[in-house]
Amino acid sequence: MKRFLLLVSVCMLAGVQAFAQTRSVSGTVKDKSDGSPIPGVNIVAKGSSSGTATDNDGRFVLSVPESTTTLVVSFVGYATQEVSIVGMSTVSVDMDASSEQLGEVVVTVGRGSQRTIIDTPLPVDNFSNRDLATTGQFTFDKALQYRVPSFNTVNTPVNDATTLLDPYEIRNLGPSRTLILINGKRKNLSSLLYVQFSPGRGETGADLSAIPTDAIKSVEILRDGASAQYGSDAIAGVMNVILKDKYEYTTLNVTSGVTSKGDGGTYGLSLNSGANFGKGFLNYTIGLSQTDNAVRSGIIDLETEYATFGDGAGVTGPGNAKILSFLNTNPTGGNINGTGAVSAAKFLANWGMPIGETGMIYGNGAYVAKKVVSNANYRVPYWRIDHGLLHTPVPGAPDYTQNQSSDPTNPAQIEYLADQAAGVYNGYVGYMPTFEGDLTDYNATLGIKNESNGWHHDVSFTIGGNQQTYSVNNTVNRSLRKAGPTSYKPGGYNFRHQVFNVDVTKAVSSDINIGFGAEARNETYEIIAGDTASYSLEGANSFPGIRAENARTNSRFNLGAYFDASWDITENFLIQGTVRAERYSDFGNASVWKVSSRYKMLDDKLVIRGSASTGFRAPTLHQIYAQSTQASFAGGTIVLSGLFNNISKEAFALGIPKLTAEKSDNYTIGAGVNLNSNLSFTLDYYNITISDRIVYSSSISTSDPSSTLGQIMAAGGLTSVQFFINGVKTATEGLDFVANYKGINLGPGRLGINLAGNWNILNKVVGAPNDPQVIKDAGATILNAQAISLLQEGRPKYKVILGFDYSINKFNVVLNNTLFGPTGFQDLDNGGGIMNVVKQTFEPAVVTDLNVGYAFSKNLSASFTVNNLLNVLPKWKLEAIHGNPTGEAAIANPTDRALLEGFLTFSGRYRILGYNGSQFSQLGTTFMGQLTFKF
């Protein structure tokens with residue numbers, strides 16, 4: 001780190017010396033048709049790396065080398081101009097709108113020759129740093145939630161290791177089917193395998209929240225399968241995060257926010273700076289942030305609590321009396337759930353240095369350290385724990401609140417004595433374990449680009465990794481009794497990769513472009529054992545440690561190669577094709593292809609485009625090798641289930657085959673209309689079928705102890721088993737639409753309107769799950785109705801974003817309205833009777849966000865954001881599946897309905913969301929203020 005900081009200092013000094021002979025040029029840029037100022041116009045000193053952008057009033061000030069004679073002025077939707085500044089220190093520029101310039105944003109995602117948004121045969125979204133910043137969201141992933149209709153993520157209600165990674169999805173296909181790139185290079189996956197019963201279950205993805213928003217120049221999202229171009233993980237699409245490059249000015253952002261309830265405080269400090277040296281550049285970002293926890297605990301429903309933990313003897317029964325007594329003074333059961341506390345430090349640098357006339361050495365690197373603190377469910381005194389399972393009181397047990405040293409073998413007394421010895425009880429009022437997670441995430445790329453005789457070469461080497469380690473405090477391992485500690489280290493996970501890329505492109509003629517390349521990648525997944533006390537016998541309560549025998553390190557290597565060609569048959573008609581082959585050291589070969597086309601009509605005002613492709617996704621090392629004991633909520637209680645990895649003897653005994661790659665068929669067809677320089681819209685249909693889709697099975701159990709399944713469960717002391725399997729075929733189809741109308745003169749200011757949406761027409765499991773015979777013999781299935789519901793209904797049916805952007809003098813106002821469609825969770829599958837025919841359905845809702853910005857001067861600006869302006873909270877109701885009459889009758893009965901609602905929310909502890917999450921945050925209205933200093 002010291003050497004790197006020294007390098008940064010040297011580079012900054014070199015930049016200062018290189019531009020010692022400079023002069024200042026200022027000016028204004030206006031629309032020629034109406035004289036209105038144009039903010040955000042790019043101003044570059046021709047022949048140098050000096051550049052800036054106009055402010056909200058269309059003004060700019062730029063320091064240029066003394067030898068500079070020309071400024072290049074460019075902006076999307078306007079014709080680029082070269083303006084002479086010979087003998088001038090002030091200029092005024094009038095820009096002409098030009099439909100030919102509508103596509104000036106160059107799409108870098110995808111292989112082969114680069115094309116503009118209009119020219120590309122594929123649907124691509126492009127968002128600037130400003131688009132992300134005006135959402136008022138504290139992290140990059142949450143900003144995307146309110147900018148990209150097909151992108152969904154939300155804080156999950158369960159806050160242990162999941163606090164370190166909120167799963168995200170594009171087109172409801174899970175985080176592992178969207179490939180994340182940093183400057184066109186593959187970013188590493190998180191080490192966390194997400195196992196909670198929420199969307200994204202059984203998968204992993206890159207940690208988007210680790211990327212500092214202030215380091216981002218723009219984001220491109222390719223909404224189409226791209227396995228042929230990039231290999232595994234690109235079935236749903238590709239997200240390319242483009243980092244800030246040329247240094248323009250230093251910014252310091254000071255941010256603070258809070259929820260309307262006064263909790264969940266956020267505090268941030270972010271510095272973006274750099275230097276230009278010759279034609280090279282260095283751009284770096286340092287960010288520090290803190291988010292406090294926000295508590296949204298619900299009031300516990302007595303009847304559900306009685307049904308779950310009581311003795312069935314009515315309110316006067318000894319078990320129920322203890323429940324009533326405790327909840328009379330602790331109506332939330334002592335729970336602190338909502339969102340966890342997160343502290344983070346982020347550093348990212350991006351640099352480039354020209355070599356010769358056409359070459360460049362480039363690189364980027366990032367390092368993130370994060371710590372989270374959250375709370376497990378409060379262990380109320382009427383719970384009984386034996387080997388990690390909750391039970392009703394032991395019949396005939398003496399009053400455990402008294403000294404029962406005469407009966408040390410009684411399970412209830414063992415629990416009391418162990419907890420009392422550990423010091424976690426005050427009398428016997430219960431206790432609340434805390435969870436702490438420490439995360440580090442890094443990535444770095446070093447590469448060289450060059451051009452020779454029309455051949456463009458790009459050779460690069462990328463590394464990346466993510467490690468998470470956990471701590472559990474204020475809890476016990478009851479099996480250890482007095483010898484047990486109250487703090488444990490349950491272990492953790494590490495994932496890392498090394499990637500070598502070679503990409504070559506050439507324009508063979510004015511009409512034909514070719515590209516080819518190769519990628520070699522090595523991946524390593526490590527399971528880190530916990531301390532012995534954390535997993536001995538029963539294990540640490542709330543988060544048992546990783547057993548030493550489950551700790552392991554596994555690696556694999558894969559090599560892929562592709563060939564890409566595009567042919568502009570005419571000026572308007574393009575066809576493009578790509579083929580790819582890969583070899584994996586663990587599961588074998590994969591080969592895929594893609595064909596796409598585009599036709600422009602009516603002077604480029606209408607574009608028809610489409611594609612057909614095959615794709616694949618390799619099973620992650622997490623899915624192959626993860627093995628653990630997991631505590632989770634099911635049927636109103638917390639239970640232990642065993643995850644057996646894909647190469648274990650247990651998996652073999654159950655008839656679970658070795659994991660192979662998923663296969664997909666992707667089809668898209670769409671149209672884009674560009675009526676003029678200010679008005680455009682696109683509509684795209686997609687159809688994606690995934691075969692051999694890898695799923696994390698339901699919790700599988702049997703009442704027959706003599707069966708193979710029963711014997712495996714008994715050997716592990718488990719109530720259920722789980723595993724990964726190529727288990728289902730899924731079909732997804734839908735529509736994406738985007739409409740933009742900008743440059744509307746409204747009073748003294750200018751208004752921009754954007755409307756974008758995603759409608760999931762179909763998202764379903766096709767046919768029956770692929771159940772192994774042993775599972776069938778036990779009368780079970782790998783995916784019960786609950787798991788299938790999560791796959792099919794866990795994300796919004798549709799999402800629409802309507803935004804207004806109004807600039808007037810020094811003010812800028814952004815108003816966004818996000819319509820979240822319904823979601824559903826059939827979370828009552830295992831109880832039998834009416835529990836099998838009722839589900840939880842979240843109603844559609846509109847979340848309104850308002851951002852107001854004001855520029856006090858060219859060096860100081862401020863913004864204030866109110867997210868969820870109208871304090872809309874997720875609302876849900878019970879719904880009978882397919883109008884089932886038994887379900888309808890249960891919902892109509894107030895007593896039955898209350899009991900079902902209680903089971904869905906762990907007796908009301910998770911009243912707002914239930915245990916699965918919803919379409920958007922449960923925090924309600926939040927406020928965020930930011931001061932930006934430029935110097």
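## Close-up views of a predicted protein model

**Figure 1. The whole chain, and how it folds back on itself.** Among contacts in the protein chain between residues at least 6 apart in sequence, 69% join residues at least 24 apart. Please keep in mind that this is a predicted model. The protein chain contains 15 helices and 48 strands. How many of its residues count as buried? Of the 935 residues in the chain, 56% do.

**Figure 2. A nonpolar patch on the surface.** Here you can look for five residues: Ile-448, Val-459, Phe-461, Ile-463 and Phe-500. Together they form a nonpolar patch with about 380 Å² of accessible area. Which strand gives the patch its largest share? Strand β27, which covers residues 455–473, supplies three residues. Ile-463 has its place in strand β27. With a relative accessible area of 31%, Ile-463 is partly exposed, because that label covers values between the 20% limit for buried and the 50% limit for exposed.

Figure 3. Find Asn-283 in strand β19, which runs over residues 280–291. Is Asn-283 buried or exposed? Its relative accessibility is 5%, so Asn-283 counts as buried. A polar contact of 2.8 Å links the side chain of Asn-283 to that of Asn-272. Leaving aside neighbours within four places in sequence, Asn-283 is also in contact with several other residues, including Lys-244, Asp-245, Lys-246 and Tyr-247. Further along the sequence, its contacts include Leu-348, Ala-349 and Asn-350.

**Figure 4. Ser-542, a loop residue with a positive phi.** Ser-542 has a positive phi of about 95 degrees, although it is not a glycine. Where does Ser-542 have its place? Look in the loop between α8 (532–535) and β30 (552–568). Ser-542 has 18% relative accessibility and therefore counts as buried, as the cut-off for that label is under 20%.

**Figure 5. His-882, a loop residue that is exposed.** His-882 sits in the loop between β47 (876–880) and α14 (885–892). His-882 is not a glycine, yet it has a positive phi of about 55 degrees. At 81% relative accessibility, His-882 counts as exposed.

Notes: Residues numbered from 1 in each chain as written. Predicted model: local features only at pLDDT ≥ 70, side-chain atom pairs only at ≥ 80, totals over all residues. Heavy atoms only, no water. Patch = residues over 30% accessible without salt bridge, like charges linked within 9 Å, V, L, I, M, F, W, Y side chains within 5 Å. Areas by Shrake-Rupley, 256 points an atom, 1.4 Å probe, with all protein chains shown as cover. Salt bridge = Lys/Arg side-chain N within 4 Å of Asp/Glu carboxyl O. Helix = DSSP H or I, 4+ residues; strand = E, 2+ residues; numbered from the N terminus. Buried < 20%, exposed > 50% of the residue type's maximum accessible area, 1.4 Å probe, protein only. Contact = heavy atoms within 4.5 Å. Polar contact = N/O pair within 3.5 Å; in protein donor to acceptor, adjacent residues only side chain to side chain.
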